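The following questions and answers go through a multi-chain model. The sequence and structure come first.

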Amino acid sequence: MQVTEYKPKIVAFCCNWCSYAGADLAGNNRLAYPAEVKIIRVPCSCRVNPMFILRAFQRGADGVIICGCHPGDCHYTSGNYYTRRRMALLFSMLNYLGIEKERTRVEWVSAAEGAKFAATMNDFVQTVAALGENKRLEDLRCKL
Amino acid sequence: MQRIGVFVCWCGSNIAGTVDVEAVSEALKKEPGVVFSTNYQYMCSQAGQDIIKNAIAEHKLSGIVVCSCSPRMHETTFRKTAAAAGLNPYMVEIANIREQCSWVHKDKLTGTEKAIILGRTAIAKVNLNAPLTPGESPVTKRALVIGGGIAGIQTALDIADAGFEVDIVEKQPTIGGKMAQLDKTFPTLDCAACILTPKMVDVAQHEKIRIFSYSEVESVSGFVGNFTVNIKKKARYVKEDVCTGCGLCTEKCPQKNVPNEFNLGMDNRRAIYIPFAQAVPKVATIDPRYCTMLKTGKCGVCSKVCTAGAIDYKAKDEYIEEKYGAIVVATGYNPISMEKFDEFAYSQSKDVITSLEFERLTNAAGPTAGVLLRPSDHKHPKTIVFVQCVGSRCSGAEKGKEYCSKICCMYTAKHAMLTRDKYPDTDVYVFYIDVRTPGKAFDEFYRRAVEEYGVHYIKGMVGKVSPQGDKLMVQASDLLANKQLHIEADLVVLAAAIEPDASARPLATMLTASMDTNDFFTEAHPKLRPVESPTAGVFLSGTCQGPKDIPETVSQAGAAAAKVIGLLAKDKLTGNPCVAHSNELMCNGCSSCERVCPYGAITYEDKEFRMPDRTTRMRRVAKVNEAVCQGCGACTVACPSGAMDLKGFASAQIMAEVDAICK
Amino acid sequence: MQALTREVLLDRAKALFADGTVDRAYGWKRGEFDYDVTPGLFRSVEEMEKEFVFDDFCGANFSKYLVEETRKGEGKILVFLKPCDTYSFNQLLTEHRFDREKVYAVGIPCEGMADVTKLKAEAAEGIRSITAEKEGFVVHTLYDGDKTVPRTEGLSERCLVCKSKKHVAYDELLGEDGEVADSARFDEVARLEAMNADERFAFWQRELSRCIRCNACRDVCPACTCETCVFNNPNSGVESKAPVTSFEEQMFHIIRAFHVAGRCTDCGECSRVCPQHIPLHLLNRKFIKDINAFYGEYQAGAEVGSRAPLVNYTTADLEPGEAVQRGNEHA
């Protein structure tokens, strides 16, 4: 039997204007971060519905991170402010249900912060990997 | 089912160095919907694009996935390629396997694995893509400028000079705004009237500009390029086109005790009046609050003396409906009320005045013909205390404003300097928190006040002003010398904070333009789009957006005009097709989406629905104006029923991407 | 014991039918047992005389029924509203869910409603009836005689921590209006917050795993009035019926709580109707507690037209990371 190192599945939602560009900049500067991170491009962090996050956990994600423009810099002026409220309440609720709070995160990454993007992803993957597999919010049927 | 083509780019060795492109294109062949998959050295090159075009034709592709560099780099390129081959450009998705894969991973196995997942994710999305067509809307080539101060005047002139029609709506009987009340302007000390009034005349004579003075905006509907605005022309009881502005009526009117707003109530005018000599339009207006004829039906003096026959006591408010392509807000500011600042004795003594009142007192056309006299006893003040930051930079903002009003440091330096220049025997004190003078030739100006004119600048706030006899006892602290000061002053001048005009808030509601907590209009982007409101087609000029001095106001006015000209120069507007869309069968009409929309793109209508039992039912449903929506998606999450979705980034598409990643 | 009797309400209803103000009425209807009161629509005075009841078992909140009923017919609907019901009433008006003109709302005072489950636990079988008396609730049984339960022990949890006895909406008020109370309704949430994550997870697993997905909580919830619920919509990506894995119960309840966050008035109907007695209100109350702590006190439905916290923001809002920390501070 082959023993493989546990690799967490990480879904990263990035807004098109800041964080996705920040991720591109990390690439331009060849700043490495784990391949476990897969990015989904959304126009704005406020497009991220809590249902998407739960869906990711259901399908076997071990961590979900949402990246958007810094507050005050939203391309759509106020989108990330709504994200901030929605995710504050959602994360607090997940924590209340006993779901490990380290599995969800919101980070503001500007288009100039390639280094921050890579550092954030390195840290997030490390944190989630330390928790191990997501077992509290899993749908067993999806892991068959 | 889609027929999807996959095109994996090597990007030379940029991708192929860490990703086995052959393996990727092979693996992706097996994904659902994929009928063709290949790889090539440079997909963005002419040869690469030809591969895509040929494949679209040969394999009758309904969608394509390009695994290449970031969509921010070449999405547009590949969309054009698709369009050239007859495929809807929005049937293209990019899997970013360069910036987000080959460039950040060293190990080829890892890179290849991830590239396959990213490709699979893009395929999952494309499977749910639908062709999108950008909407088009016509543009009414006329602009509306709301507010006729220097900001509105400059914007209107610049737009009109470019050849477009402009209407100015001004609520006062004349245009000119606050600048018309000023005496001299810093830092050059030219007289405000000398530089403003020629511009007012230009406006009046410009064939492309119409002035609706003594008028207000009643309602606004429509959207960028297609606004319909209802304007109320308040009854002025004088026929504008007949009145010659001779002013005889304003001399003969027996009602002499009307506080003169133009001089901030420091003298009186008649019930029929022309605000000031250079007013535009130079037409008399009857103030219905004071006119004896209008109130009791007895008098009629003005009508008798008017040789032109311009007086019309039976005039009514008129409403005009007009269409506009763009709207510029230039509603300006007012000094805040001094009511809450009783420590400065503003309401107790006539000799405690605001800086704008001081401006009138030193103006040659003002109540004292420019001679600096105390309002109470008309004597020359010998000691004058200027207090800065009255109501500005207040923490907590219970009584003032948290922000810096920006212009006060400079005009106070100007007042102090001019006073010392004209009346060298006067002692002038200025109390300040900080002196803020960034701006061309601003700091030099302030230093001249201190160094050449001997104005006493004291860092510290005035604690209390108490009238004692004909003196004002000023109690203050000198923070640098660390001592308490008691100054016996003749006149105290308060640099009152400025705030947006009260008409701004209801106007913002009409325009669905957003405002900050201080009622300043919000710009679409603080750095990159500073003269546009987030609401498309609404532009910002002058202090309605934030405190500004005249040069800044004028440059912003010009910038707003340039934006308007850019809009009006287009014959039609092409929108972004990735906009929100509401499924009216599922919509609750709850208004959640409307509340989060920063653009006012969502409205509601009552719509009749046929029910399964053949009855009909009226329901309130949301409607997205695609010309206004910018596609952020805030509404899609606010919507509890899931009726609201975003084209191009639909919930189903995003969830398919999630599934593909987690598979 | 309620301050007003059935007769007072009935007389008022008769008068409103008689003068043509209303042509139908929502009220509580006698069920099989006297404690089995159900919501009912009455079309005439005669129907009301026969079946209308008002006593300590009338917990049902009629606000939600107005969404459908106001779309039918032209006449006005009489509805009796307890203070807590008026918050739901206002919240629905804020969301434009019914036409205010079609409703005649009569506010009635409430002394708290019984928790039938608690009272039924007094006897394993043979309960003939339960009545509210001065000394408390009396459970009349076939075999064991009468058992008296002190009022504070027989009341619903939501009534024990009643947030308001003040009506925020009505056309007319019968009896006296009360005050907004300083209630201890967040104590239980704070107790859960004080646990560690494993304990909390165990608690919610125990509770939520009992869910049979009957949808009663959703169907009764006055905030859940969507034309099509996401859980019934095959295109929503979360459609589901019976729970197959533990994930689905969590998913259902998290999404449901999130969908009503900021709009939930804490009426407590979800927990009242849950046949599995899952304390669902503790999910909603967590959101309310967090909203109050993070964004300032907000009571959904306190006024018509107020902006719900999730469709609002300030530039100084706290970050989601801090929120999780602060959400754990069980003040």
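This is a predicted model in which local features need pLDDT of at least 70, side-chain atom pairs count only at pLDDT 80 or more, and totals for chains, interfaces and linings use all residues. Residues are numbered from 1 along each chain as its sequence is written, while chains are lettered from A and ligands numbered from 1 in the order in which they are written.

Q: How many residues does H3(A) have buried?
A: A residue is buried if 20 or more other C-beta atoms lie within 10 Å of its own, exposed if 12 or fewer, and partly exposed in between, with C-beta atoms placed from the backbone. H3(A) reaches 26 Å from its first C-alpha to its last, close to the 26 Å expected at 1.5 Å a residue, where the expected span is 1.5 Å times one less than the number of residues. Just after H3(A), Gly98(A) takes a positive phi of about 90°. H3(A) is mostly covered, and its buried residues number 18 of 18.

Q: Which element gives the most to the side of chain A that touches chain B?
A: This contact takes 34 residues from chain A and 37 residues from chain B. The elements of chain A that give two or more residues are helix H1 (19–28), strand S2 (37–42), H2 and H3. With six residues, the one that gives the most is H1(A).

Q: At what angle do helix H7 (residues 150–161) of chain B and helix H16 (residues 550–568) of chain B pack?
A: Axes are lines fitted to C-alpha atoms, for helices over the stretch in contact, and angles run from 0 to 180 degrees between N-to-C directions. The axes of H7(B) and H16(B) are 8 Å apart, and the angle is about 35°.

Q: Which hand does the crossing of H7(B) and H16(B) have?
A: A crossing is left-handed if the near helix is turned anticlockwise from the far one by less than a right angle, and right-handed if clockwise. The crossing of H7(B) and H16(B) is right-handed.

Q: Which helix gives the most to the side of domain 2 of chain B that touches domain 3 of chain B?
A: Domain bounds come from an automatic or database domain assignment, which in chain B includes domain 2 (141–232 + 321–332 + 504–571) and domain 3 (235–316). The centres of these two domains, taken over C-alpha atoms, are separated by 28 Å. Their contact takes 16 residues from domain 2 of chain B and nine residues from domain 3 of chain B. With six residues, the helix that gives the most to the domain 2 side is H8 (residues 192–205) of chain B.

Q: Which element gives the most to the side of domain 1 of chain C that touches domain 3 of chain C?
A: The C-alpha centres of domain 1 of chain C and domain 3 of chain C lie 26 Å apart. In their contact, 17 residues of domain 1 of chain C meet 17 residues of domain 3 of chain C. With nine residues, the one that gives the most on the domain 1 side is H4(C).

Q: Which elements of chain C do the buried residues of H4(C) pack against?
A: Helix H4 (residues 83–94) of chain C is mostly covered, and its buried residues include Tyr87(C) and Phe89(C). They pack against helix H3 (65–69), strand S4 (77–81) and strand S5 (103–107) of chain C.

Q: Why does Ile291(C) count as buried?
A: Ile291(C) is found in helix H13 (residues 281–295) of chain C. Beyond its neighbours within four places in sequence, Ile291(C) is in contact with Gly262(C), Tyr298(C) and Pro309(C). Ile291(C) counts as buried because its C-beta neighbours inside 10 Å number 24.

Key
Two residues are in contact if their C-beta atoms, placed from the backbone, lie within 7 Å. Helices (H or I, at least four residues) and strands (E, at least two) are DSSP runs, numbered from the N terminus.
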